[in-house]
Amino acid sequence: MASNPAWTDEELILAVELIDRRGWKGGNSTTPDYVELSRVLRHANFPNQSSIDDSFRSTSSVSMKIGNLIGANPNLPGGLRATERERLFVARFFENPTLMRALAQSLRTGAGTAAIPPEADTPELDDEEATVAIEGGASYVLTLRRERSRSLRRSKIREVEEAGAPIACEACGFDFLLVYGELGRSYIEVHHRTPLHVSGETESAHSDLALLCSNCHRMVHRNGWSPVEAIRALVEASRGMTGPGDKAT
């Protein structure tokens, strides 16, 4: 079983702010505040996390993380379990607690984010059963996003252009310039070969990136995550192709 993604800054903001509201007093996996935070994080819109198991931000894991963060408080005894990142994050909280509390409030109220939908009381209809649907209502979904470098994306595309290669999908060969003319020049999506929700915070280079059209990028992330090579093989098999360089028709 793959390990769960590392806690994001947004998740840590919510955890530290909760601890601060509790007067830096601990609890356990049955503490109501911990149970609620677990519910928030488990229902958050975590990028590319198509399915989660019982351990993902469980009440036990929330309790453990909060214990570490409490231990990272230099004004309290203990703290042997805290990591360097946890200690630095708690230090950041004490540097500007007003800002950190405001950020937590922003996350909770959905300012610039989305929130947690209420638990469904009735099952959804299958698509084939639904003939009319009410859509467009507002919902609260907490967004915990992995930061991506736009400059790295641009430099990856520039590197390919300077090498004289087409800006084409590495899985299916689709070239936006060929199909859409000038509108599609230098346009393509840039994919991390190892998704950031798997790697966590990491240093990325051009070799860690792949150029993908929108369709192939969706397929890479469908049902979790598939390597670019696996999607290319599916495309080639469907076309009866033998080489990866053939263009879409």
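Reader: Let's start with asparagine 68: is this residue buried or exposed?
Author: Happy to begin there, with the note that this is a predicted model. The relative accessible area of asparagine 68 is 12%. A residue counts as buried under 20%, so asparagine 68 is buried.

Reader: Which residues is asparagine 68 in contact with, leaving aside its neighbours within four places in sequence?
Author: Asparagine 68 lies in helix α3, which covers residues 59-71. Once neighbours within four places in sequence are set aside, the contacts of asparagine 68 are Arg81, Ala82 and Glu86.

Reader: Serine 63 interests me too; in which helix is its place, and what is its relative accessibility?
Author: Serine 63 has its place in helix α3. Leaving aside neighbours within four places in sequence, serine 63 is in contact with Gly27, Asn28, Ser29 and Tyr34. Serine 63 counts as buried, because its relative accessibility is 16%.

Reader: How many residues in the contact of α1 with α4 are charged?
Author: From α1, the contact is made by Asp9, Leu12, Ile13, Val16, Glu17 and Asp20, and from α4 by Arg85, Phe89, Arg92 and Phe93. Sorted by class, there are five nonpolar residues and no polar ones, and the number of charged residues is five.

Reader: Is arginine 42 buried or partly exposed, and how far is its C-alpha from that of arginine 57?
Author: Arginine 42 belongs to helix α2, residues 32-43. Its relative accessible area is 24%, so arginine 42 is partly exposed. Arginine 42 and arginine 57 are 15 residues apart in sequence, and their C-alpha distance is 5.9 Å.

Reader: How far apart in space are serine 155 and histidine 206, C-alpha to C-alpha?
Author: Serine 155 sits in helix α6, residues 150-162. With a relative accessibility of 16%, serine 155 counts as buried. In sequence, serine 155 and histidine 206 are 51 residues apart, while in space the C-alpha distance is 8.1 Å.

Reader: Let's talk cysteines: how many disulfides does the count come to?
Author: A disulfide needs two cysteine sulfur atoms within 2.5 Å. For cysteine 172, the closest cysteine sulfur is in cysteine 213 at 3.7 Å, which is too far for a bond. For cysteine 213, the closest one is in cysteine 216, also too far for a bond at 3.7 Å. The count of disulfides comes to zero.

Reader: And what is the relative accessibility of cysteine 172 and of cysteine 213?
Author: Cysteine 172 counts as buried, because its relative accessibility is 7%. Cysteine 213 counts as buried as well, since its relative accessibility is 4%.

Reader: Stepping back to the protein chain, what share of its residues is buried?
Author: The chain has 10 helices and two strands, in the order α-α-α-α-α-α-α-β-α-β-α-α from the N terminus on. Of the 249 residues, the buried share is 38%.

Reader: Finally, among contacts with a separation of 6 or more, what share comes from residues 24 or more positions apart?
Author: This share concerns the contacts within the protein chain. Residues 24 or more positions apart account for 65%.

Definitions and conventions:
Residues numbered from 1 in each chain as written. Predicted model: local features only at pLDDT ≥ 70, side-chain atom pairs only at ≥ 80, totals over all residues. Heavy atoms only, no water. Helix = DSSP H or I, 4+ residues; strand = E, 2+ residues; numbered from the N terminus. Buried < 20%, exposed > 50% of the residue type's maximum accessible area, 1.4 Å probe, protein only. Contact = heavy atoms within 4.5 Å. Nonpolar A, V, L, I, M, F, W, Y, C, P; charged D, E, K, R; others polar.
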